[in-house]
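Here are my notes from a first pass through the model. Have a look at the structure, then read the points below alongside it.

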Amino acid sequence: MAQSKSEDLRQRADKARAGGQGKAREKYIESGKMLVRDRLQLLFDGDFDFEDGLLAGIHRDLPADAVVTCIGRIQGRDVAVIANDMTVKAGSWGHTSMLKITRMQEMAKEAGIPLVYLVDSAGARVDEQADTYLGRRAWGNIFYNQVVISGIVPQVCALFGPSPAGAAYIPALCDLTIMVDKQATAMLGSPRMAKMTIGEDISDEELGGALMHCTVSGLGDVLVKSDAEAIAKVRDYLSYLPSKWDGKPPAIEARAPKMPPKPLAEIIPANQNMPYDVKLLIDGLVDEGSFYEVKALFAPEIVTGFARLGGMSVGILANNSKVKGGVLFVDSSDKATRFIWMCNAFNVPLLFLQDVSGYMIGSKMERAGIIRHGAKLLSAVCESTVPRISVVVRKGYGGGYVAMSGASTHPDALLALPSGMAGLVGPEAAVNALYARQVAELPEDQRDAFVKQKREEYARDIDVMGMAADRFHVEAIVEPSHLRDELIARFRIYSRRESRVIPRRSAVHQV
C-alpha cells in the first residue's frame, strides 16, 4: 500500500529533528556537548512555538540544513533563535542555511523580539561559495542584518564550539557573547593556516579559545563551564532588557541586598590609597543575587554589569581599586564604552561608582592610544540619554572623574559619600606640583612635616563635605547605609522623564 502523504511528512520531519547520525554524532556527544534540540528545550520555557525550514536540506541528507531557526518563549516573552547543528556537516552554512538564518533575523527585527544565536559551526561551506559568496544574497547578509538590527532588539550569542573565519563575526557583532571554556573557539585563521602563512606554531585554545577571548582580546563577555550554564546565562541576561529598544526593562519583585560582612561604611577604607573590592559595595547596594557581571575577566580594574535596585534593572560601572588602583587604561575604557552603549540602546539606567585617580599615563599608554580610547568613553557618557547617576565613593580626580559621569557630563544626579574627594589631582600630586621647589629648599628634617601639612590643607579643599556641598556641585552627600534607598528613589523619578534626543545623523568618534 502506498505511503500516505501524512506518513511521509512525519518520517521526513522525524529524520530532520534527529539531526546527524553515525560516528560524528557519537563523538560530539562523548565530548560532553548537548545536541542542538536539547539546548533549545533547556533555553525555552517549554516546547518552542514554531520552526522554519525543518525540511530544508532533507533531499541532500542535511537535516534542517544544519541550522535550526525557531521562535519560543523565555520567561514568558517571545524570542527568536538561530542554532547550529554541529552533527550535520559540522554545523556549516550553505546557501539554504544562509536563507534560513537571514529570514529569522528579519523576523526578529520585524516582530520586535530578542534574537539568540546558539553558535557551534565550522563556518561557510567552500563547496557552495558559487551561490553564496559574491552576490547580494550572500553569507555577508548575516553580518549586514546583525548591524542593522543592533540596538533595535537584543542580540546575544552563546558560543558552544567553533566559529571560524568570517563566522567569527557573529559573536563579535552581538551585544553579549557567552563562551564555554575549553569548547568554544573563534579565530579568523586556524592554527594550520597560521603555521603555513606566518610560521606560528600554536594550539586552537591559545589562538582563539574561550579563556583567551574572555581575558585578553575582550571578545568574550561571560566565561562558563558547560552548555547548560551558557543557556542559563542567556536566560538571565535577557531578563534585564526589554524585548525592543523603545520598551522598558522588565521590573520584578524587589529583594533586600545581600548581608555584607561588615557595614558599608567600614568596607570603604578611609585611606584613599588603600584598595578594597568594590564588588562588596555593589553587593551591599543591589538586590541579592541580581548582579550579572559583564567582562569580569577582561580589564578588571573597572567592573561592569547589570543588577536590580528595588526590582528595577540598572547598569553599573565601578572603578575597582583592588586592581591597578582602579585607574582607566585603554582596555578598561573600551570595556566601559561598550557597556554604556548597550545600556543606552535598551533603556537601562546607568549607575557609576567613582573611585578613580584618572587615566593611566606614560609613553606606553600614549602610544597605545589612551587619549583616543579615553575620548571614546567620554563620548559614550555624554551621548547617553538614559537616567544616569554618578556617586563619588572616594577619589574623583582629573579626566577619570569626568569619564565616570562627572557633573559636567550632565548626569541626572551627582552624589557623593562622605569619604568622597573630587579635584583636578590628588593631594600627593598637587603638593608635588605646587611646592616641589619650596620643599627642596627646606632643611631635610622639616620637609616631611611641611608636605604633610600641605597635603592635609589640599585634601580639605577637595573634600566633598566642604566646597562641593556648599556650592551645590553635588545633589546630595549620602551616608553609605542610606545610599541604596536614595538610588532607588532617584531612579524611580528620573525614569519618568523623556529621553533626550541629539538631532544629527551620526557623531564622529575615535575608534
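Which backbone oxygen does the side chain of Thr409 reach?

1. The side chain of Thr409 goes to the backbone oxygen of Gly406, at 2.7 Å. Before going further: this is a predicted model, where local features need pLDDT of at least 70, side-chain atom pairs count only at pLDDT 80 or more, and totals for chains, interfaces and linings use all residues. Numbering starts from 1 along each chain as its sequence is written, and side-chain values use heavy atoms, with hydrogens and water left out.

2. As for its setting, Thr409 sits in the loop between helix 17 (398-403) and strand 15 (413-416). Thr409 is buried, at a relative accessible area of 5% (buried means under 20%, with a 1.4 Å probe and protein chains only). Neighbours within four places in sequence aside, Thr409 is in contact with Val381, Cys382, Arg388 and Val402 (contact means heavy atoms within 4.5 Å).

3. Helix 14 (residues 330-345) and helix 16 (residues 370-383) pack at an angle of about 20 degrees, with axes 9 Å apart (axes are lines fitted to C-alpha atoms over the stretch in contact, and angles run from 0 to 180 degrees between N-to-C directions). The two helices are therefore roughly parallel, a label for angles under 35 degrees. From helix 14 the contact includes Val330, Ile340 and Trp341, and from helix 16 it includes Ile370, Leu377 and Val381. By type, the contact residues of this pair are eight nonpolar, five polar and three charged.

4. The other pair to check is helix 3 (residues 36-43) with helix 11 (residues 227-238), which pack at about 40 degrees with their axes 9 Å apart. Arg39, Leu42 and Leu43 of helix 3 meet Asp227, Ala228, Ile231, Val234 and Arg235 of helix 11. That contact divides into five nonpolar, no polar and three charged residues.

5. Finally, Glu128, in the loop between strand 4 (115-119) and helix 5 (129-132). Is Glu128 buried or exposed? Glu128 is buried, with a relative accessible area of 17%. The side chain of Glu128 reaches the backbone nitrogen of His95 at 2.8 Å. Sequence neighbours within four places aside, the contacts of Glu128 are Arg60, Gly94, His95 and Trp139.

Methods: Helices (H or I, at least four residues) and strands (E, at least two) are DSSP runs, numbered from the N terminus. Angles under 35 degrees count as roughly parallel, over 145 as roughly antiparallel, 65 to 115 as roughly perpendicular and the rest as oblique. Ala, Val, Leu, Ile, Met, Phe, Trp, Tyr, Cys and Pro count as nonpolar, Asp, Glu, Lys and Arg as charged, and the others, Gly among them, as polar. Buried means under 20% relative accessible area, exposed over 50%, partly exposed in between (1.4 Å probe, protein chains only). A polar contact is a pair of N or O atoms within 3.5 Å; within protein, one must be able to donate a hydrogen and the other to accept it, and residues adjacent in sequence count only if both atoms are side-chain atoms.
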